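Subject: Model handover

Hello,

Here is the model for your files. My notes on helix packing and salt bridges follow below it.

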Amino acid sequence: MPRKAKARVGRKFKRHKPAPSSIDNQASMPVPPVGSNHDDAGRPEQLRDYLHTKEPLFDKSKERLHKRLGVAMMFYHQFSAPENSDDWPDGMCSVLKKAFGYSSGTSIRPILDDVIYYKKNGLEYNPKHKYSKGS
């Protein structure tokens, strides 16, 4: 029967790593592309050609605009876009930043100001144009 270790104040004990499973010991195999023949997956040049000829799923150049639009829509629909920032719910900016992957140091206030501007003037929101702050 194994002995139980006593906890000692100020002394660090080494933690033992668990034994590797049989899955960890297996070599990782590349996943064949969807719709390809299993025999084709074994040829690296065909896999490389397949990966380089396909169109990307999302256009990265428009990611910033999509995030701005997402924040604006959530601010308007979920939080009703109150004009006075004192009426904003506590933690609203944090929720919006987390939902759309902004870092905690990023200010989304210009996006929210734009939504308020568009709402006041009865215009359709356009993430490409920035009208807030005296524009």
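Predicted model: local features only at pLDDT ≥ 70, side-chain atom pairs only at ≥ 80, totals over all residues.

Helix α3 (residues 63-77) packs against helix α5 (residues 109-121) at about 60°, with the axes 9 Å apart. Helices here are DSSP runs of H or I, at least four residues, numbered from the N terminus. Axes are lines fitted to C-alpha atoms over the stretch in contact, and angles run from 0 to 180 degrees between N-to-C directions.

Numbering starts from 1 along each chain as its sequence is written, and side-chain values use heavy atoms, without hydrogens or water.

From α3, R68, V71, A72, F75 and Y76 meet I111, L112, D114, V115, I116 and K119 of α5 (contact: heavy atoms within 4.5 Å).

The whole structure holds two salt bridges (a side-chain nitrogen of Lys or Arg within 4 Å of a carboxyl oxygen of Asp or Glu). One joins R68 and D114, at 2.9 Å, N to O. R68 is in α3 and D114 in α5, so this pair ties together parts 46 residues apart in sequence. R68 is buried at 5% relative accessibility (buried: under 20% relative accessible area; exposed: over 50%; partly exposed: in between; 1.4 Å probe, protein chains only). D114 is buried too, at 1%.

The other bridge pairs R109 with D113, at 3.0 Å, N to O. R109 is partly exposed at 34%. D113 is buried at 12%.

Best regards

Notes:
Helix = DSSP H or I, 4+ residues; strand = E, 2+ residues; numbered from the N terminus.
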